[in-house]
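I opened the notebook to go through one chain, beginning with a single residue and ending with the whole fold. The entries follow in the order I looked things up.

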Amino acid sequence: MESFVGFFTEPLAFAFMQRALVVAVLIGAVSSVLSCYLVLKGWSLMGDAISHAVLPGIVLAFVLGLPLAVGAFAGGLFCAVLTGYLKENSRVKEDTVMGVVFSGMFGLGLVMFVKVDTDQHLSHILFGNILGVSARDAIEVAIVAGGTLLIVLAKWRDLLLYCFDPQHARAIGLSVRTIHYGLLVLLALTIVASIKAVGIILVVAMLVTPGATAYLLTDRFPYMLAISAGVAIGASVFGTLLSFKIDVATGPAIVLIQAAAFFAAFLFAPKSGLIVRKLAMRRQGAG
């Protein structure tokens, strides 16, 4: 029992772990809420595209002496706008356009990175370094994540209607174009905040897995939000503590715990779980 309690209390003796846990909770909360909309809208690949596209923005911000978060946001927003423009002005489908744009921008970012003389470690940008966040980093994450979360919760009904039925949203007077680009801006902001924890490569898992897990467990959106938040925040906190205890990278630990939760829901969800459905079919066959 003491070792179990110590698992949670021992890391709190260190200031860097206190900051890491605060950042983990903030990122888990905002990514979980946005994840539900991305899953319902079918925009999982958009999160992947924007997360990879921020790399050239980060490098350019470093060269210009600007905050890296500013460059990351600009790069993500440019990717989102460029994807929308190419989709509207070509015969190519949106998923194909996203694949071209994010791979091209990620390649550009890698070329720029190796040409710039910097002490920034590439693995921290790619995979995150939540245990190394400073107090200033934590404040930046709190501002970005908190502001994004407040906007999403304030407009959750409009966003939900847009995801389910854009035509109806337009018919009742909502500006679908504004909501579309507003959601992309919120996505870019969330990615900027999440890079501190899990980096460019793994941030897409934070934006997809919690919502996908909740989608398997419920048909009601308010419950979906609550379940997604529980999965994301729980995995973020437990993954951070586990990475400290067994000395592994924090981002991958968080993502693995979220993946485990998804597969557990896939197998054991009360209505749609694979094992539950097979047992029900077996009982029907026996009857």
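**One residue, then the chain**

I looked up T83 and found it buried, with a relative accessible area of 1%. This is a predicted model, so I read the value as computed from its coordinates. The cut-off for buried is under 20% relative accessible area, so T83 qualifies.

Next I checked where T83 sits: it belongs to helix α4, which covers residues 68–88. Which residues does T83 touch, leaving out those up to four places away in sequence? I noted M46, V97, M98 and V101.

I then turned to burial over the chain, where 43% of the 287 residues count as buried. For the accessible surface I wrote down about 14,400 Å², with 68% of that belonging to carbon and sulfur atoms.

For secondary structure I listed 13 helices and zero strands. From the N terminus on, the order reads α-α-α-α-α-α-α-α-α-α-α-α-α. The radius of gyration is 20 Å, close to the 19 Å that the globule rule gives for 287 residues, so I recorded the chain as being as compact as a globular protein of that length.

I also took the box filled by the C-alpha atoms, which is roughly 70 × 60 × 30 Å along the principal axes.

On contacts, I kept to pairs with a separation of 6 or more; residues 24 or more positions apart account for 73% of these.

My last entry concerns charge. The chain has 19 positive and 14 negative charges, and their mean positions are 12 Å apart.

Conventions:
Residues are numbered from 1 along each chain as its sequence is written. This is a predicted model: local features need pLDDT of at least 70, side-chain atom pairs count only at pLDDT 80 or more; totals for chains, interfaces and linings use all residues. Side-chain values use heavy atoms; hydrogens and water are left out. Helices (H or I, at least four residues) and strands (E, at least two) are DSSP runs, numbered from the N terminus. The radius of gyration is taken over C-alpha atoms; the globule rule is 2.2 Å times the number of residues to the power 0.38. Buried means under 20% relative accessible area, exposed over 50%, partly exposed in between (1.4 Å probe, protein chains only). Contact means heavy atoms within 4.5 Å. Accessible areas come from the Shrake-Rupley method with a 1.4 Å probe; for residues, only the protein chains shown count as cover. Lys and Arg count as positive and Asp and Glu as negative; His and the chain ends are not counted. The place of a charge is taken as NZ of Lys, CZ of Arg, CG of Asp or CD of Glu.
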